[in-house]
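Please walk me through this protein chain. I would like to see how its parts are held against each other.

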Amino acid sequence: GASSLRARRVAAMKVKATVSSSRRKSRKAYFTAPSHIRRKLMSSMLSKDLRTKYNVRSVPIRRDDEVIINRGHYKDREGKVVQVYRKKWCIHIERVTRDKANGQTVPIPIHPSKVIITKLKLDKDRKALLERKNSATKKGKYSEKETA
């Protein structure tokens with residue numbers, strides 16, 4: 001009954017007291033997120049070779065990255081990211097377009113979680129980000145030489 005449910009609820013401790021695990025609140029936070037947070041939420045996976053090169057699994061997508069679509073109707077289409085449309089939670093990719101009835105071509109919106117980055121546009125900030133996220137570099141006070 002209700003008492004067993006209450007006992008179970010007490011047993012499952014929250015991971016972090018200050019963060020809500022409510023579905024309603026997390027959805028509200030996601031859909032009303034400001035642009036600088038959307039950048040991080042709109043991350044894409046790196047391809048196998050990039051992942052081994054940088055030891056990083058995913059990174060926020062940006063304008064001149066080259067991607068391959070791996071889900072949906074446009075699966076296996078490759079192209080360069082033309083626009084990251086944060087307001088609409090999507091990216092526009094070169095040559096992934098359709099023609100409207102009036103002859104105008106419009107880009108097809110693709111969600112960044114459905115693409116794999118094959119080539120990164122690197123600048124100093126992006127390099128620093130990859131350096132920070134690198135999981136191979138040991139974070140500690142001693143290097144391997146000193147501990148051996």
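Start at E94, which is partly exposed at 32% relative accessibility. E94 has a partner, R95, and the two form a salt bridge with their closest N and O atoms 3.2 Å apart. A salt bridge here is a side-chain nitrogen of Lys or Arg within 4 Å of a carboxyl oxygen of Asp or Glu. R95 itself is exposed, at 57% relative accessibility.

A word on the model. It is predicted: local features need pLDDT of at least 70, side-chain atom pairs count only at pLDDT 80 or more, and totals for chains, interfaces and linings use all residues. Residues are numbered from 1 along each chain as its sequence is written, and side-chain values use heavy atoms, with hydrogens and water left out.

Now step back to the whole chain. It has six helices and seven strands. Both are DSSP runs numbered from the N terminus: helices are H or I with at least four residues, strands are E with at least two. Along the sequence the pattern reads α-α-α-β-α-β-β-β-β-β-β-α-α. Of the 148 residues, 24% count as buried.

How many salt bridges does a search of the whole structure find? The search finds four. One of them joins R62 to D123, with the closest N and O atoms 2.8 Å apart. R62 sits in the loop between β2 (58-60) and β3, and D123 in the loop between β7 (115-119) and α5, so this pair ties together parts that are 61 residues apart in sequence. R62 is partly exposed at 25%. D123 is partly exposed too, at 29%.

Another salt bridge joins the side chains of E66 and K119, at 3.7 Å from N to O. E66 belongs to strand β3 and K119 to strand β7, so the pair ties together parts 53 residues apart in sequence. E66 is partly exposed at 28%, and K119 is partly exposed at 49%.

Next come the aromatic rings. A pair of aromatic rings is described by the distance of the centres and the angle of the planes. Rings of Phe, Tyr and Trp (its six-membered ring) pair if their centres lie within 6.5 Å; planes under 30 degrees apart are stacked, over 60 edge-to-face, and the rest tilted. The whole structure holds two aromatic pairs. Y30 and F31 make an edge-to-face pair, with 4.9 Å between centres and 85 degrees between planes. Y30 and W89 are stacked, because their centres lie 4.3 Å apart and their planes stand at 5 degrees. This second pair links distant parts of the chain: Y30 is in helix α2 (residues 23-31), W89 is in the loop between β4 (78-85) and β5 (90-99), and they are 59 residues apart. Together, Y30, F31 and W89 form one aromatic cluster.

Y30 is partly exposed at 27%, and F31 is partly exposed at 43%.

Look at the backbone of W89 as well. Its phi is positive, about 55 degrees, although W89 is not a glycine. D76 also has a positive phi, about 70 degrees, and is not a glycine either. D76 lies in the loop between β3 (66-69) and β4. At 56% relative accessibility, D76 is exposed.

Note on methods:
Buried < 20%, exposed > 50% of the residue type's maximum accessible area, 1.4 Å probe, protein only.
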